[in-house]
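Please walk through this model from its local backbone features to its helix packing and its nonpolar cores.

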Amino acid sequence: MDEQRKQSKSAGTEGDRRFNRRRLIGGAAAAGAALPVLHEVIPHAGLHHAVEGAKASGGSGQGASTNGHHMPGGTHTGFDSSARDVNHAANGFDPSEIVRDLDWGKTRRLASGRVLREWEIVATDKEIEVAPGVHYPAWVYNGRVPGPTLRCREGERLRIRFGNGSSHPHTIHFHGIHPAAMDGMPGVGEGIGGGQIPTGGSFTYEFDAAPFGMHHYHCHASPLSAHIAKGLYGAFIVDPRRGRKDADELVMVMNGFDTNFDNANEVYAVNTVGFHYQRHPIRVKRGELVRIYLLNILEFDQINSFHVHANFFHYYPTGTSLEPSEYTDTIVQGQGQRGILELRFPYEGMYMFHAHKTEFAELGWLGFFEVV
Amino acid sequence: MEARGAAERSPLAGLPAWVLGLVPLALIAAAVAAFALFGGPGLGERTGPPVEEVAVERTVLHPGEIELTIRNDGPDSVTIAQVAVNDAYVNFSGAQQAIGRLGSETLTIAYPWIEGEAYRISMLTSTGATIDHEIPVAVETPEADAGFFGLMALLGVYVGVIPVALGMLWLPFVRRIDRRWIRLLMALTVGLLAFLAIDATLEGIDTAAEGAQAFGGASLVFIGALASYLALSGVDSYMRSRGEGDRAQGAAGTHLALLVAIGIGLHNLGEGLAIGSAYAVGALALGAFLVIGFAIHNTTEGLAIVAPLSERPPGVGRLAGLGLIAGAPAILGAFIGAAAFNSSLAALLLGVGAGAIVQVIQQLLPAVRDEQGRTLYPLSVAGMLAGLAILFATGLLVSV
């Protein structure tokens, strides 16, 4: 114990930088992140004990029980970090890539001088792993959940070619301003080949990018809750004409999976895989502007929320105003609500973010920023 | 005559009988093997997702840890992918591989449970199905050490051995009373035993519903009952055939008392099982009331043993032996119930107890007959009803 104390003491006094990810591997991350700040302020022999206990247990979750900390991550729930991870290769997507994957599509200039931006989206049926070892028969846009994040600029002409390779009829319903026939609604637009697109069918949605903001798209075929819960949704970002300040931009789609089909979610997450960013923290730079495009598409539950530790952010509801509405550390979103968060991390270290609906957090919607 | 002639002419006539017996068996084995080898030709793929059924057979709680022994009692193999306790995913070890049909695994869950609170454990399988298990009241499971076994032994002695021994003290009284009253006592015993048989059967069915159903569930109770009935009948007829030369009334009485003691002993095994398992999950207050209740309840069992012994009382050693046969299984039951409770096994044992009692009742009935050879006459019926009433009333004193 004495030696352990010395080790931690030196690490703490030599500054925050020593508390990088490698040092904390094996699961003391959560307690460790708070440690540098608390270290000189609070009587902390017990805390050291807890941290060392968690380390000694190697993330197995055992051996630390006398401290009251059982999870890797010291004090928080999560999947065993020593256990196997989700097979991202088999899934065909990785939440660590999705979080920064902004799909600008292909552009060309129309005769009028306007920019035409085009994407292709295909819906298919696909089994995905939503938590280590837990498989879910999803419906996917372009092989991933959430679907591709479509990024464009206000005023551009958008063209989205949709092909339905799924065994069920689907649509793409965009949130935005567009004519009825482009709304991706069964029963509306069938006259020009739109509306509900049957298996093997296709349709091209075309409309102007408006208004600027953080929007989304999803399937609107019936029954709606099933078509959303199965994974047919994605973020749709329209930049203002003059663009936004340079920032490290992240896309977070808050979702969940009803794996046993009882109309309640078993696994909660951002970008599909439960606890993914706990196991693979999102690395950001100290002092750099971080912009989070946040969408709640969670089915079955009334609300969802986002909370970041040890920091505050400016919140732009729906991203349609350039003035933030609030400076806070927790926001709540109903289904389909979304917004833009901007923040800078003044200190290095591990900072948790999670749903402050703690039930969701402990069922997977929980992760870390690793500030370097 | 003509049929027989045909058989003699058949080409199989030269073969010994055992070969003829084996031929169909060999053909069945070959057919099954071929069917398995070709993967059930013509049946095609099964439709629908796998059927995943898992029963929790045993729950053990230690500080900061919950241990579940689970058994796959469905047709398909099951992989436990994640475990959540009260809607929070937790770390667990064990059951990392798929569990085959009837396979059993132990999951060790790291969780800081709080005494007295309720927990719902959800096991998420690889297909996303959930298997829920409730812990209504979290209480630390006693360690199976010497002190624990000592306590269980003491409990077994209190509720099994001592009351039965006390009940047997009615022997001098039984010896002095008139034959008519002996018959009444025997009828009373029949009533007592009938109550115990009903009680054990219902308890067994209840218990069977809790665990894995693949082993037969409630049918185990009846299979156990039938097996013990047949076994005791066999033992009985064996003892009768050996004692043919000595058909004195007294010998028959001793023989009957032994059968009654065995039946009651098997019943007390089930009773100990219930006590031990209730104690292990913290559902049993080890108060004086429980012991007194059981003592009164079981004292009547002692009377049942000595009632057939009115003619020729056996020696003290023999009496003690009968008392131990009837009472000591409560100790064994308490051990099993507290340390290795398994609802399928418990249901089977309770059924064995019930079947044994039915057999004993059958043995006792001749001793109830009056001079006219009637079994059901006013006095005997009154005795049987009194027996039922006594155990019903004393049964209210205990609840496990």
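The model is a predicted one, and within it A:Asn263 is found in the loop between β11 (248-257) and β12 (267-270) of chain A. Most residues other than glycine have a negative phi, and most peptide bonds are trans.

A:Phe300 is partly exposed, with 14 other C-beta atoms within 10 Å. A cis peptide bond, with omega about -10°, joins A:Val145 and A:Pro146, and A:Pro146 lies in the loop between β4 (134-141) and β5 (149-153) of chain A. Another cis peptide bond links A:Ala210 to A:Pro211, with omega about -15°, and the loop that holds A:Pro211 runs between β8 and β9 (213-218) of chain A.

Strand β8 (residues 202-208) of chain A is also the place of A:Ser202. Where does A:Ser202 stand in relation to A:Asn263, in sequence and in space? The two are 61 residues apart in sequence, and their C-alpha atoms are 30 Å apart in space. A:Ser202 counts as partly exposed, because it has 14 C-beta neighbours inside 10 Å. Setting aside residues up to four places away in sequence, A:Ser202 touches A:Arg161, A:Phe162, A:Gly163, A:Asn164 and A:Ile197.

Buried residues make up 49% of the 372 residues in chain A, and in chain B 44% of the 400 residues count as buried. Among contacts between residues at least 6 apart in sequence, 68% of those in chain A join residues at least 24 apart, while in chain B the corresponding figure is 81%.

Two helix contacts in chain B can be followed in detail. Helix α3 (residues 146-168) of chain B and α10(B) pack at an angle of about 140°, with their axes 8 Å apart. That angle makes α3(B) oblique to α10(B), and α3(B) passes α10(B) in a right-handed crossing. On the α3(B) side the contact includes B:Phe149, B:Met152, B:Ala153 and B:Leu155, and these belong to a set that meets residues of α10(B), among them B:Pro329, B:Ala330, B:Ile331 and B:Phe335. By class, the residues of this contact divide into 12 nonpolar, 2 polar and no charged.

Not counting residues up to four places away in sequence, B:Ile331 touches B:Met152, B:Ala153, B:Gly156, B:Val157, B:Gly160 and B:Gly272. B:Leu107, in contrast, is 224 residues from B:Ile331 along the chain, and the C-alpha atoms of the two are separated by 29 Å.

In the other contact, the axes of helix α5 (residues 179-210) of chain B and helix α12 (residues 378-395) of chain B come within 7 Å and cross at roughly 45°. The two helices, α5(B) and α12(B), are therefore oblique to each other, and α5(B) passes α12(B) in a right-handed crossing. Residues of the contact include B:Arg183, B:Leu184 and B:Phe195 of α5(B), along with B:Leu379, B:Met384 and B:Phe392 of α12(B). Here the classes are 16 nonpolar, 5 polar and 1 charged residues.

The nonpolar cores complete the picture. The largest nonpolar core has 115 residues, and those with the most contacts inside it are A:Met252, A:Tyr293, A:Tyr351, A:Trp365, B:Val83, B:Val90 and B:Ile109. Leaving aside neighbours within four places in sequence, B:Ile109 is in contact with B:Glu65, B:Ile66, B:Val83, B:Val85, B:Val90 and B:Phe92. A second, separate core of 76 residues includes B:Met152, B:Ala330, B:Val358 and B:Leu364.

Conventions. Residues are numbered from 1 along each chain as its sequence is written. Chains are lettered from A and ligands numbered from 1 in the order in which they are written. This is a predicted model: local features need pLDDT of at least 70, side-chain atom pairs count only at pLDDT 80 or more; totals for chains, interfaces and linings use all residues. Axes are lines fitted to C-alpha atoms, for helices over the stretch in contact, and angles run from 0 to 180 degrees between N-to-C directions. Helices (H or I, at least four residues) and strands (E, at least two) are DSSP runs, numbered from the N terminus. Angles under 35 degrees count as roughly parallel, over 145 as roughly antiparallel, 65 to 115 as roughly perpendicular and the rest as oblique. A crossing is left-handed if the near helix is turned anticlockwise from the far one by less than a right angle, and right-handed if clockwise. Two residues are in contact if their C-beta atoms, placed from the backbone, lie within 7 Å. Ala, Val, Leu, Ile, Met, Phe, Trp, Tyr, Cys and Pro count as nonpolar, Asp, Glu, Lys and Arg as charged, and the others, Gly among them, as polar. A nonpolar core is a set of buried Ala, Val, Leu, Ile, Met, Phe, Trp, Tyr and Cys residues joined through C-beta atoms within 7 Å. A residue is buried if 20 or more other C-beta atoms lie within 10 Å of its own, exposed if 12 or fewer, and partly exposed in between; C-beta atoms are placed from the backbone.
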